[in-house]
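Let us walk through this model step by step. Keep the sequence and the 3D view side by side.

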Amino acid sequence: MKHPDGDGASDLAAKVLTVSDGVIEGTRQDRSGEALEAYLSSSGWAVVERSAVADGVESVAGELRRLADGFHGLIVTTGGTGFGPRDATPEGTRAVLDREAPGLAEAMRLVNPLGRLSRATAGTIGTALVLNTPGSSKGCVETVGAVIDVVGHAVRLLVDNYDPHPHGG
C-alpha cells in the first residue's frame, strides 16, 4: 500500500450497504446508495461493492458480517437510522461491531439540525470501518462528508498502525 501523504484515499476500498424494505421490494430506487457511490468515488475511494438488505436487526448484522469478512476498508450503510418502527440499522450494526467510534457518529450528526434525530453509530469490524448514514441521498452524502477527511487515516490504522498521524494532529 502506498501512503505518500497519509491523507489520500486513492489506495482504499469502500462498500455501500442500502437498508430499505422498499428497495428490496422493488418499489423504491436506491438513490442514496447511488449518491454514496458517486460521492465516495469522487473522493478517491474505490467502491468495490454495493448491496441492499431489508430493514431489520438480523438482516443488517448478517450483511455487515459478510461485507466485513476479510475486507480492509470503509463500509457505509444508508437507511434505517431514524425512529420508524422498522429502523434498526444501528442495532444491527452494534450487534457485530468490535469497537464503537462515537466521535465519528457525533461529528456526522452535527452536520445538519436533523442529525439530532439520527440514531446512527460508527465503529469497526475487524479491519473494516462502518459508518451508518441516513436514507436520504442528501443526508447520506452530507454525513459522510463530515468525516471523509479522517476516515482514510482511521482505516489504515486498522491494519498495522502504519499511517503516520496527519500533520498538525
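A residue counts as buried when its relative accessible area is under 20%. Thr143 has a relative accessible area of 9%, so Thr143 is buried. Keep that cut-off in mind for what follows.

The model is predicted. The protein chain averages a pLDDT of 91, and 88% of the residues score at least 70. Residues 1-7 need care. Their pLDDT stays under 50. The model gives this stretch twelve contacts beyond four places in sequence. Where pLDDT is low, the predicted coordinates should not be read in detail.

Now the overall layout. The protein chain holds seven helices and six strands. Starting at the N terminus, the order is β-α-α-β-α-β-α-β-α-β-β-α-α. Of its 169 residues, 47% count as buried. Take the contacts with a separation of 6 or more: 74% of them join residues 24 or more positions apart.

The largest nonpolar core has 22 residues. Leu40, Trp45, Leu74, Leu104, Leu129, Leu131 and Val151 have the most contacts inside it. Seen by element, β1, α2, β3 (73-78), α5, β6, α6 and α7 (148-160) each give two or more residues to this core. A second, separate core has 16 residues, including Ala13, Val53, Leu64 and Ala128.

Turn to the largest pocket. About 620 Å³ of space lies in it. Its lining has 37 residues. Closest to the pocket centre are Thr81, Pro134, Gly135, Ser136 and Gly139. Several elements supply at least two lining residues each: β1 (13-19), α1 (21-25), α2 (31-42), α5 (102-109), β6 (128-133) and α6. Which element supplies the largest share of the lining? Helix α6 does, with four residues. By residue type, the lining divides into nine nonpolar, 19 polar and nine charged.

Finally, return to Thr143. Thr143 is found in helix α6, residues 137-145. Leaving aside neighbours within four places in sequence, Thr143 is in contact with Met108, Val111, Thr133 and Pro134. Of these partners, Pro134 is also among the residues closest to the centre of the largest pocket.

Methods:
Residues are numbered from 1 along each chain as its sequence is written. This is a predicted model: local features need pLDDT of at least 70, side-chain atom pairs count only at pLDDT 80 or more; totals for chains, interfaces and linings use all residues. Side-chain values use heavy atoms; hydrogens and water are left out. Buried means under 20% relative accessible area, exposed over 50%, partly exposed in between (1.4 Å probe, protein chains only). Contact means heavy atoms within 4.5 Å. pLDDT is the predictor's confidence in each residue, from 0 to 100. On a 1 Å grid over the protein atoms alone, a cavity is a set of points where a 1.4 Å probe fits but cannot get out, and a pocket is an open set with protein on both sides within 12 Å along at least five of seven lines; lining residues have an atom within 4 Å of a point. Grid points are joined across faces, edges and corners, and a volume is the space filled by probe spheres set on the points. Ala, Val, Leu, Ile, Met, Phe, Trp, Tyr, Cys and Pro count as nonpolar, Asp, Glu, Lys and Arg as charged, and the others, Gly among them, as polar. A nonpolar core is a set of buried Ala, Val, Leu, Ile, Met, Phe, Trp, Tyr and Cys residues joined through side-chain atoms within 4.5 Å.
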